[in-house]
Amino acid sequence: MKKLLLAIILVLSGSLFAHSQTALMHAPQGFDSLRTNIQHGKIDTVGYESKTVGTVRRAIIYTPPGYSKKKKYPVLYLLHGIGGDEKEWLNGGKPQIILDNLYAGGKLEPMIVVMPNGRAMKDDRATGNIMDPDKVQAFATFEKDLLNDLIPFIEKTFPVLGDREHRAIAGLSMGGGQSLNFGLGNLDEFAWVGGFSSAPNTKRPEELVPNPEEAKAKLKLLWISCGDNDGLITFSKRTHDYLYQKGVPHIYYIEPGVHDFKVWKNGLYMFSQLLFKPVNAASFSKYTVLGTPAYTNVRSARYPQILPDNRVVFRVKAPDAQKVQIDLGRKYDMKKDTGGYWVVTTDSVGEGFHYYILLIDGVALTDPASETFYGMGRMASGIEIPFAGGGYYAVKNVPHGDVRIKRYYSAVTNSWRRFFIYTPPGYDVKANDKYPVLYILHGGGEDERGWAEQGRTDLILDNLIAEGKAKPMLVVMMDGNLSSGGLAGFGESSLRLFENELKRVVIPFVENNFRTETDAKNRALAGLSLGGLQTLYAGIKNTQLFSYLGVFSSGWFANQPALVDPQYAFMKDNTATINQNLRSLWVSVGGKEDIAYNNCKIMLQKFDEMGVKYTYSEYHGGHTWPVWRNNFYNFAQVLFK
């Protein structure tokens with residue numbers, strides 16, 4: 001067992017990590033302080049006729065230092081929040097000072113900045129109940145006013161470049177939502193879009209970017225930023241998550257702060273420097289101060305945080321400790337700050353789920369900020385790294401099944417045991433329906449919780465069933481730990497014990513207590529690593545019970561002939577029966593970095609020699625849960641069809 005765990009750690013060390021970026025950016029002290037020894041831009045108020053509203057409306061115009069009517073400029077439309085008007089940026093953010101200082105430092109492309117009133121109604125003052133429905137609706141109406149009235153006025157009155165590549169829109173709070181809605185909704189008008197602390201008026205991501213490929217082609221820059229303690233950060237994060245899943249380049253910038261001008265001024269400082277210049281999307285991941293708390297954190301825990309390039313920031317309070325490390329496949333030494341917190345930023349971590357532990361003065365502990373998972377033969381912390389291709393196990397607006405815990409008494413072990421079982425959507429309503437069953441097994445050092453928690457079995461099947469890609473089925477997640485010795489006690493006797501538990505106890509119990517089909521064509525057995533060996537042993541010997549076998553990251557040990565040779569002898573003598581009974585023997589491994597790779601390849605050579613039919617799949621990622629989730633996703637689509 002210890003050798004296997006060590007091997008897993010060595011594989012993780014080689015496969016989970018990539019080189020990281022270290023640059024972090026934030027406005028320096030004094031960026032918003034008035035400097036008298038530099039050139040200054042000019043602030044004016046203009047009035048324009050709005051056919052949308054039916055009145056003359058006002059906007060604030062900032063023209064840059066050295067402004068000349070003989071030169072043409074790009075334009076940034078800068079929008080205010082729900083409680084403000086065209087003067088809010090001037091009163092709270094002093095954008096002219098920020099921009100003047102940037103020009104003096106040679107950091108800004110000369111541009112005109114237009115600060116309009118985004119409340120498109122005749123009485124557009126921020127008075128009375130600003131949440132009145134008609135006033136809220138006026139912020140949506142402003143899209144028409146902006147496109148049909150204001151932009152044409154600006155382009156007629158000022159020397160501006162009138163194409164989309166020289167037009168940007170950004171805003172704070174309600175104006176941030178407007179900027180995302182209007183900018184992303186009018187990609188032929190805007191190539192540069194920024195939302196600072198965007199408010200609930202922000203459309204759902206699927207509406208904002210219904211065509212990701214078009215957004216990739218037309219956007220020069222999409223900026224989304226927020227303070228980490230802003231109660232509205234969920235709206236920014238859901239947009240970021242969707243864009244990440246769809247591969248739309250963007251900057252997701254999180255900094256310490258709340259819903260105020262400290263954050264918004266920094267947003268303007270950062271965003272404006274990127275405008276109307278060549279940008280490198282590959283560098284977008286460096287533009288942040290803080291990361292996003294991991295999905296696997298306990299409620300309200302701010303750390304660990306995941307940065308956009310999948311580096312992880314750990315922060316642990318241990319004021320009296322002498323040495324603290326994070327063991328995430330490799331060990332990272334943490335550094336102590338003056339508040340008694342130990343901090344470290346890792347290299348980029350591979351996508352998906354990974355175990356980790358804290359080492360405090362040499363003692364292995366779980367991180368109190370993280371959910372814990374049974375793995376590596378103990379309770380361990382776990383971290384979920386966002387995966388752009390992980391939509392198949394995301395929580396979606398589809399019908400959801402249940403994961404239930406069922407206790408049973410085993411006459412094989414003379415003890416009370418339990419399994420987890422997934423029942424598909426509608427199981428309790430469709431009282432006359434019977435379902436096929438997949439019995440699925442965890443790996444060494446794990447238990448029946450593995451597939452339910454680390455594996456995301458329910459979400460994967462919910463999504464597949466909703467898309468019509470998998471048959472509704474029951475999934476029984478057994479505890480494959482039957483011998484007290486764990487892997488140290490692994491051998492023919494422990495495999496036989498598992499076979500007896502499965503055949504004599506679990507299958508009869510499931511079929512007596514749940515509505516199941518009871519023939520071989522409606523039963524499947526699968527497992528990962530050690531569970532894959534159990535599947536090979538019990539499945540191959542009982543093809544009269546199972547028509548589908550899934551073997552993930554596993555294979556008979558090439559160096560244990562006393563155990564393995566009888567298995568191959570049985571297969572050789574029963575090849576015709578195995579091929580006839582099995583509709584699918586599905587074998588997968590996590591690439592050459594998977595510790596099971598060589599054993600699996602040798603086993604498949606044996607299968608070829610004997611003429612045993614199988615399907616082989618390879619998904620790179622080593623001996624890890626990201627690989628096994630993908631294995632289950634693909635295997636489930638084969639079953640019971």
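**Strands, helices and a surface lysine**

Helix α16 (residues 597–610) has 14 residues and spans 20 Å from its first C-alpha to its last, close to the 20 Å expected at 1.5 Å a residue. The expected span is 1.5 Å times one less than the number of residues. Helices (H or I, at least four residues) and strands (E, at least two) are DSSP runs, numbered from the N terminus. The model is predicted: local features need pLDDT of at least 70, side-chain atom pairs count only at pLDDT 80 or more, and totals for chains, interfaces and linings use all residues. Residues are numbered from 1 along each chain as its sequence is written, and side-chain values use heavy atoms, with hydrogens and water left out.

The buried residues of α16 are Tyr 597, Asn 599, Cys 600, Met 603, Leu 604, Phe 607 and Met 610. They lie on the same side of α16, because they cover an arc of only 160 degrees around the axis. The arc is that of the directions from the helix axis to the C-beta atoms. Buried means under 20% relative accessible area, exposed over 50%, and partly exposed in between (1.4 Å probe, protein chains only). Exposed Asn 598 and Glu 609 sit on the face turned away from the buried side of α16. The buried residues pack against α13 (530–540), α14 (561–573), α15 (575–581), β27 (584–589) and β28 (615–618). Contact means heavy atoms within 4.5 Å. Gly 611 follows α16 and has a positive phi, near 85 degrees.

A helix pair comes next. Helices α11 (residues 457–466) and α17 (residues 625–636) pack at about 35 degrees, with their axes 10 Å apart. Axes are lines fitted to C-alpha atoms, for helices over the stretch in contact, and angles run from 0 to 180 degrees between N-to-C directions. Thr 457, Ile 460, Leu 461 and Leu 464 of α11 meet Arg 629, Phe 632, Tyr 633 and Ala 636 of α17.

Strand β20 (residues 378–385) is largely enclosed by the rest of the structure, because six of its eight residues are buried. Two strands pair if DSSP finds at least two bridges between them. β20 pairs in the antiparallel sense with β17 (residues 352–360) over five bridges and with β19 (residues 372–375) over four. Ile 383 of β20 is the bridge partner of His 354. Arg 378 of β20 is that of Gly 375. Two residues separate β19 and β20 in their hairpin, where Met 376 takes a positive phi near 60 degrees.

Lys 246 belongs to helix α8 (residues 233–246). At 41% relative accessibility, Lys 246 is partly exposed.
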